[in-house]
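Thanks, everyone. I'll keep this short. Have a look at the structure first.

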Amino acid sequence: MNVVESMKVFVQVVERGSFSAAANALGMSATMVGKHLNGLEQHFETQLLHRTTRRQSLTSVGNNYYQHCKSVLELIDEGESMVRKDQRLPSGTLRISAPVIFGKYALMPFIESYMEQYPSAAIDLTLTDRLADIANDDIDVAIRIGAPPDSANIIARPLTPYRLVLCASPRYLEINGVPHTPGELAQHQCLSLSPKVLNEWLGNTAWIGTLNARFTSNSSDALRHAALSHMGIILQSYFLMAEDIHNGRLVELLVDPPLPTREINVLYPLQRYKAARLSYFLDALQKAFPT
């Protein structure tokens with residue numbers, strides 16, 4: 001017995017009021033309608049409908065089962081609609097929140113390529129270092145540096161770890177020399193974020209103590225400008241410094257052992273299913289930033 005098909009027949013019998021009316025609506029014979037209903041009653045070993053030659057009415061069990069069938073069939077219809085929808089390419093607006101540096105220097109190049117590949121996709125990007133509240137901020141996707149929240153309602157997918165680099169301009173190093181150990185940084189001018197932020201990143205007082213930071217700023221762009229102006233050695237995100245290092249404007253220092261990294265996760269709310277615009281974006285993002 002096809003239980004789902006029999007459920008559909010049962011609902012039609014209840015809502016149409018007779019076997020013949022249900023048969024006409026479903027395009028089958030009244031005899032087949034009766035077989036579906038009898039099959040359900042035999043399966044459950046209980047009567048679902050009181051039937052006479054003149055009228056029919058639901059039993060108490062039949063009424064409860066009718067409500068259940070309605071809910072199940074609605075979910076099936078919704079699932080079928082979702083599958084048909086997700087067979088299309090992504091379209092519609094995806095609302096994304098990301099940290100400022102990652103967003104400007106890593107995510108934006110990815111988004112440019114993604115939107116060129118999928119012309120129907122639209123992105124609403126918010127760059128902020130404030131932790132986005134997916135549930136209350138009307139955000140579809142949040143990219144977060146650090147451990148993901150411990151929540152049964154949030155799904156986390158890992159991206160390429162976020163790492164720091166130490167670097168300086170060739171001119172600065174020519175004048176001041178190249179440090180070969182962390183301890184030698186105490187004899188150099190360092191450019192860094194606030195001690196609180198450094199402690200969150202490094203978690204190592206030995207490293208913190210070596211940083212003779214004559215210039216500090218809460219702006220990573222300001223620190224990068226200072227490094228390019230030969231003011232000192234910068235400690236910053238690789239995403240921010242990668243192009244300068246690649247083009248020789250800055251030289252990476254003390255690469256062995258590497259500085260600590262922090263995990264990056266892309267977060268999205270738990271849903272019964274993911275729309276095509278979300279599924280495509282998540283898969284492409286993890287391909288572009290593999291772990």
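When I say contact, I mean heavy atoms within 4.5 Å. With that in hand, take Q12. Leaving aside neighbours within four places in sequence, Q12 is in contact with G17, A22, A25 and L26. Q12 sits in helix α1, residues 3-16. Buried or exposed? Q12 counts as buried because its relative accessibility is 18%, and buried means under 20%. Now look at A25. Q12 and A25 are 13 residues apart along the chain, and their C-alpha atoms are separated by 7.7 Å.

A word on confidence. This is a predicted model. The chain averages a pLDDT of 82, and 87% of the residues score at least 70. Where pLDDT is low, the predicted coordinates should not be read in detail.

On to the cores. The largest nonpolar core has 36 residues. F102, L107, I143 and L285 have the most contacts inside it. Several elements each supply at least two residues of this core, among them β3 (92-98), β5 (141-145), β6 (154-168) and α11 (276-288). Which element gives the most? That is α5, with seven residues.

Pick out L285. Neighbours within four places in sequence aside, L285 is in contact with L107, F110, I143, L159 and V266.

Definitions and conventions. Residues numbered from 1 in each chain as written. Predicted model: local features only at pLDDT ≥ 70, side-chain atom pairs only at ≥ 80, totals over all residues. Heavy atoms only, no water. Core = buried A, V, L, I, M, F, W, Y, C linked by side-chain atoms within 4.5 Å. Buried < 20%, exposed > 50% of the residue type's maximum accessible area, 1.4 Å probe, protein only. Helix = DSSP H or I, 4+ residues; strand = E, 2+ residues; numbered from the N terminus. pLDDT = per-residue confidence, 0-100.
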